[in-house]
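Biologist: Can we go through the aromatic rings in this one? Keep it simple, please.

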Amino acid sequence: MPEGPSIVILKEEARRLVGRRILAVEGNTTTIDKARLVGQRIVAVRSWGKHFLIELPTFSVRIHLLMFGSYRIDGRKEAPPRLRLVFRDGEFNVYTCSVRFIEGPLDAAYDWRGDEMSDAWDAAAARRKLRAMPDALVCDALLDQDVFAGVGNIIKNEVLFRIRVHPLSTIGSLPARKLAQLVDEARRYSFDFLEWKKAFVLRKHWLAHAKRTCPRCRIPFVKAHLGVRRRRSFFCERCQRLYGG
Ligand SMILES: [Zn+2]
């Protein structure tokens with residue numbers, strides 16, 4: 001699943017669409033009135049967590065790439081697009097994704113302080129939200145988009161390995177210092193992810209995600225589908241401490 005940093009890359013690539021006017025719209029999406037897009041000029045492109053946002057004068061298009069979504073700018077894949085925006089000098093295509101309209105200003109629809117890639121990111125607010133869910137497992141809390149918009153499964157596994165916390169620890173049992181580390185590292189790792197992904201070296205830097213052996217202990221990682229979300233976790237039972245539980 002594309003995580004927050006990948007959507008930031010999409011946003012950066014899509015900046016060249018700003019100012020272009022949509023001449024025609026195609027695609028198999030049935031969740032929006034495509035005709036409404038014709039004639040609109042793109043004001044800005046933004047992102048919030050895993051949402052890519054195309055801002056138009058009075059409303060916006062929200063694209064969520066879900067598990068297997070992809071895109072092409074000024075190019076296309078063989079597959080039928082969910083949405084295709086055609087401009088005089090190019091096009092924008094998205095595939096296997098969710099498309100919605102958001103009415104009114106985006107600043108009214110989104111709290112940018114909750115987007116871990118945003119300049120407005122507010123670590124204290126994230127800690128407050130976490131303290132309000134003491135029984136949550138850390139593996140679920142990290143994937144909670146209301147706390148960490150943009151964090152996905154790779155970031156979750158790598159952050160817990162970095163801070164040496166077992167995924168089944170409960171939020172309420174983490175010492176304050178660990179809770180702060182969790183919040184800070186989620187953001188720090190996301191920016192590392194961004195740099196590595198841009199350089200095509202992301203996988204090479206994975207220490208835990210999809211790995212078999214703990215690089216610190218040289219013993220096998222445990223692989224399990226944990227938490228209410230049942231997402232894959234890779235962790236070391238020796239160096240990642242279980243708090244609570
Ligand atoms: Zn270990």
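Modeller: Ring pairs link Trp48, Tyr110 and Trp112 into a cluster. Rings of Phe, Tyr and Trp (its six-membered ring) pair if their centres lie within 6.5 Å. Planes under 30 degrees apart count as stacked, over 60 as edge-to-face and the rest as tilted.

Biologist: What should I know about the model itself?

Modeller: It is a predicted model: local features need pLDDT of at least 70, side-chain atom pairs count only at pLDDT 80 or more, and totals for chains, interfaces and linings use all residues. Residues are numbered from 1 along each chain as its sequence is written, and side-chain values use heavy atoms, leaving out hydrogens and water.

Biologist: How many aromatic pairs does a search of the whole structure find?

Modeller: The search finds 8. Take Tyr110 and Trp112: the ring centres are 5.5 Å apart and the planes are at 40°, so this pair is tilted.

Biologist: Is Tyr110 buried or exposed?

Modeller: Buried, with a relative accessible area of 9%. Buried means under 20% relative accessible area, exposed over 50%, partly exposed in between (1.4 Å probe, protein chains only). Trp112 is buried too, at 14%.

Biologist: And what about Phe161 and Phe221?

Modeller: Their ring centres are 5.7 Å apart with planes at 80°, so that pair is edge-to-face. Phe161 is buried, with a relative accessible area of 2%. Phe221 is buried at 9%.

Biologist: New topic. Which charged end sits over the ring of Phe161?

Modeller: That of Arg216, 3.8 Å from the ring centre. The rule: NZ of Lys or CZ of Arg is within 6 Å of the ring centre and within 35 degrees of the ring normal. Lys77 lies over the face of Tyr95, at 5.2 Å from the ring centre.
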